[in-house]
Amino acid sequence: MRAALLQDGGKARISAAAIELFGRKGYDATTIRDIAETAEMSLGALYRHYANKDELGRALYAEAIALWSERLLESASGLDDPAARLRAMTKFFCRAFDRDPNLFAFLLLNQHGPARSFDPKAANPLKVLEAEIKRGEQDGRILPGNRHLRALCVLGAVLQPAASYSRGGKTGLGALAEEIAAAAIRAAGVIEPTRRSGAGIQ
C-alpha cells in the first residue's frame, strides 16, 4: 500500500490527509502545513502538486462530488418506482457517511470555499435529486411542486441526522436508513400507490 502511495509522488497521501482534516477540523481551520504534516511530507513536496490549499480543495471537491453524483444515480439503477429509487438513494447517503464521515462532512455538511465556488452547472447530488423529482412528476407519481425546495428537503432528511452523528463522533447511520428514507419520500411528495390508482375514480 505504501509503495503504491509513493508512486504518485505522495498525491494520494495529500488527498487522504486533506479530506480527513477538512472533514474533522473544517476547511477554514485547516492549514496547508496541517495537511503536509498529516501526509508526512514537506511543504515543498506538497507544493509540487498544488499551489495552495484552495487549489487542492477545489480539485478534491470537484472530483469527489462528481463521483458521488454518479454513484448516487447508480444506486437506483433498475428501479422504477419513485419511492424505491429515493429509498435506494437515501441508503447510499447513509452508507457513504458510515464508510467515510470526514469525506461526507467535506462534501455535504461543511460550508466552505470549494463548495461555495463550485460550478452550479456541474453534477452534484442535489441536482440528481431534483431530476428524480421531475421524473416522478412527469410520470404522475410525485405531486407537482417546487422541485428545488423538495430536493433540499429530501437531502435535509439525510443531512440533519448526519450532522448530529458527526458532531457526536458517531457512525451507524445505516441503522436509521429506513426511517430517514420514509421522511425523504414524504418530503419529495411521492403519491402513494392507492391514491394513484384511485385518482381517477370519483
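The model is predicted, so please read every value below as computed from it. The protein chain has twelve helices and zero strands. Its 202 residues include 42% that count as buried.

**Overall build**

- The C-alpha trace spans about 75 × 35 × 30 Å along its principal axes.
- Take the contacts between residues at least 6 apart in sequence: 66% of them join residues at least 24 apart.

**Helices α5 and α9**

- Helix α5 covers residues 53-75 and helix α9 covers residues 125-138. Their axes are 8 Å apart and meet at an angle of about 25°.
- Angles under 35 degrees count as roughly parallel, and α5 and α9 are therefore roughly parallel to each other.
- On the α5 side, the contact is made by Ile65, Ser69, Leu72 and Leu73. Their partners in α9 are Pro125, Val128 and Glu132.
- Sorted by class, this contact holds five nonpolar residues, one polar residue and one charged residue.

**Ser69 and Asn124**

- Ser69 sits in helix α5, while Asn124 is found in the loop between α8 (113-116) and α9.
- Asn124 has a relative accessibility of 14%; because buried means under 20%, Asn124 counts as buried.
- How far apart are Asn124 and Ser69 in sequence and in space? They are separated by 55 residues in sequence, and by 5.3 Å from C-alpha to C-alpha.
- Setting aside neighbours within four places in sequence, Ser69 touches Ala123, Asn124, Pro125 and Val128.
- For Ser69, a side-chain polar atom lies 2.8 Å from the backbone oxygen of Ile65. For Asn124, a side-chain polar atom lies 3.0 Å from the backbone nitrogen of Leu126.

**Helix α6**

- Helix α6 runs over residues 82-99, and its 18 residues should span 26 Å at 1.5 Å a residue. The end C-alpha atoms are 26 Å apart, which agrees.
- Asp81 caps the N-terminal end of α6, with a side-chain oxygen 3.1 Å from the backbone nitrogen of Ala83.
- The buried residues of α6 are Pro82, Ala83, Arg85, Leu86, Ala88, Met89, Thr90, Phe92, Phe93, Cys94, Ala96 and Phe97.
- What do the buried residues of α6 pack against? Their partners are α5, α7 (101-109), α9, α10 (147-167) and α11 (177-188).

**Glu40, a residue with a positive phi**

- Where does Glu40 lie? You will find Glu40 in the loop between α3 (32-38) and α4 (43-47).
- Glu40 has a positive phi of about 60°, although it is not a glycine.
- For background, most residues other than glycine have a negative phi.
- With 56% relative accessibility, Glu40 counts as exposed, because exposed means over 50%.
- Glu40 and Gly57 are 17 residues apart along the chain, and their C-alpha atoms are separated by 18 Å.

Conventions: Residues numbered from 1 in each chain as written. Predicted model: local features only at pLDDT ≥ 70, side-chain atom pairs only at ≥ 80, totals over all residues. Heavy atoms only, no water. Axes fitted to C-alpha atoms, helices over the stretch in contact; angles between N-to-C directions. Helix = DSSP H or I, 4+ residues; strand = E, 2+ residues; numbered from the N terminus. Parallel < 35°, antiparallel > 145°, perpendicular 65-115°, else oblique. Contact = heavy atoms within 4.5 Å. Nonpolar A, V, L, I, M, F, W, Y, C, P; charged D, E, K, R; others polar. Expected span 1.5 Å × (residues − 1). Buried < 20%, exposed > 50% of the residue type's maximum accessible area, 1.4 Å probe, protein only. Polar contact = N/O pair within 3.5 Å; in protein donor to acceptor, adjacent residues only side chain to side chain.
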